[in-house]
Amino acid sequence: MKSAEQPSYYKLCSGVKLRGYQVVSRVVYYRYSVSADALSESELDLLSLCDGRHKLENTPLLRQLLGRNLIEPCEKNSQNEEWQNYRYCDNRYFPTAEISITGKCGFKCRHCFNAEDNFPQTDELSQEELLSLLAQFDECGIHAIEITGGEPLIHPFFPGLIREIAKRGMNLFELVTTAHHITEELLDELNMLELKPMFKISYDGIDHHDWFRKCPGAEERLLKNIELIKSKGFRIRIHMNSYRGNAEKILLTALLCDRLGVDIIQAIRTSEAPRLKGSDINDKCFTIDEYYEFGLKLIKEFIEAGGNNTIDIWQFLYTEPKSKTYSLKTLKCNAEDYRDNLPVCRRNRSKLTISSDGALVPCMPMSGLMKKCGINYGNVKTSSVKELLTYSPYLEKVCTTVGELKRQNKKCAECPYWKVCAGGCRVIGLMLSDGDYMAPDEAKCIFWNKYFRRTTEMMDNLGYSRA
């Protein structure tokens, strides 16, 4: 191979992909990225010549692209993969998609937010529908995929689906699973396909998980499969649904996960989903104040017990013991960066979210309540993805700005914390209001007025700095 110091031929590095969209016309993705980096016109022009056919001079710009691992020297007539070359997508920029491929699941979880009632979920996207969606994702420039369910591993087309994702140069960045059906063969195939998803797995407490999930033996298999997943080099994020019924088990569960090498350990308030409201544990949910008190206690005790890996209290506090830093998940933006045209949720604005019946939802935890309330923002079974990402009720909803939210909520508009809170989380607002997407997130009102100072003082006393 010729030296990069001399005029030579170049091609895009493996996994690099060039795209353009409405408003954002020049971007680049790396293989394992979940969002794109902007390119200048001159950068895109030069990258487009890195196709193994054009002999290029060793200019400062070319050296810059080499240093960013976007291009590499190659032999003459070496070719990029077809999907790497620049393609303009005539729709809005959505770099990621979360897709629930099935509502079916062998567990009967007491809190399932996907469910609108206590009946089993039977919706499932067919093989043909999934293949069509991947082709449409490709056409619309969606690069990173999160697969969820139900239990996605029981879908008969799951093996074919991951092969198709790899074939198209997409990034399977997260896989939400009970871990009950994990096998060594599956993990080996993911590695062979060079897919590196983070496994997002729920574990609801030592000696409590089986009862909560209504599946005898689930905890034993879960712990075994956590070890298997880590042995194959994958990252894991554990979700611990937390409420009064298992609160005393969560610290020990978090420390066990820490010893098993779990990368991120997250405690989540078991919230007001439709199924939970009709269950025998509805009256055991934490109040918002109880949740914050629980979170502060858990973080402090985890750190003092020598916990080493990341621990996250959902929509509250994210801590990194290795670097002794923390961030407030209640903080929407810094006051100096606030502007009225910010989206109410940046995550929702960049991720297309599809439930197992094809319905679009701003965020997957909203799916059961939206179904129960008859809220419809569009469906991939009746509209193309391109249509939905060009003009649709869904696009209008996820592009809602914080300025619009402020105009509809006098309480928010008059709040001294508005420029850092910006109305809080839309999931919590929807859940606490029984279906109003624009309702204030009352949990954030409580945090900023009662727990902001306490939280920062506690973390300062623990020797942590704010990231």
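Author: What follows is a set of questions and answers on salt bridges and on one helix in this predicted model.

Reader: What makes Glu98 and Lys351 a salt bridge?

Author: The closest N and O atoms of Glu98 and Lys351 are 2.9 Å apart. A salt bridge needs a side-chain nitrogen of Lys or Arg within 4 Å of a carboxyl oxygen of Asp or Glu, so this pair qualifies.

Reader: Why is this pair said to tie together parts that are 253 residues apart in sequence?

Author: Glu98 belongs to strand β8 (residues 96-100) and Lys351 to strand β17 (residues 351-354), so their pairing links parts separated by 253 residues in sequence. Both residues are buried.

Reader: Which residues are joined with Glu98 and Lys351 into one network?

Author: Glu146, Glu174, Lys200 and Arg347 are joined with them, through salt bridges that share partners. The whole structure has 29 salt bridges.

Reader: How do you know that Lys450 and Asp289 form a salt bridge?

Author: Their side chains meet at 2.7 Å, N to O. The cut-off is 4 Å, so the pair counts as a salt bridge. Lys450 lies in helix α19 (residues 442-461) and Asp289 in helix α10 (residues 288-304), so the bridge ties together parts 161 residues apart in sequence.

Reader: Why is Lys450 called partly exposed?

Author: Lys450 has a relative accessible area of 49%. Buried means under 20% and exposed means over 50%, so Lys450 falls in between. Asp289, at 23%, is also partly exposed by that rule.

Reader: What about Lys230, is it buried or partly exposed?

Author: Lys230 is partly exposed, because its relative accessibility is 23% and buried means under 20%. Its side chain meets that of Asp263 in a salt bridge (2.9 Å, N to O). Lys230 lies in helix α7 (residues 218-231) and Asp263 in the loop between α8 (247-259) and β13 (264-269), so the pair ties together parts 33 residues apart in sequence.

Reader: Which residues of α7 are buried, and why are they said to line one face?

Author: The buried residues are Ala218, Glu219, Leu222, Asn225, Ile226 and Ile229. Seen down the axis of α7, the buried residues fall within an arc of 125°, so they line one face of the helix. They pack against α5 (184-192), β11 (198-202), α6 (209-213) and β12 (236-242). On the other side of α7, Glu220, Lys224 and Ser231 are exposed.

Note on methods
Residues are numbered from 1 along each chain as its sequence is written. This is a predicted model: local features need pLDDT of at least 70, side-chain atom pairs count only at pLDDT 80 or more; totals for chains, interfaces and linings use all residues. Side-chain values use heavy atoms; hydrogens and water are left out. Helices (H or I, at least four residues) and strands (E, at least two) are DSSP runs, numbered from the N terminus. Buried means under 20% relative accessible area, exposed over 50%, partly exposed in between (1.4 Å probe, protein chains only). The arc is that of the directions from the helix axis to the C-beta atoms. Contact means heavy atoms within 4.5 Å.
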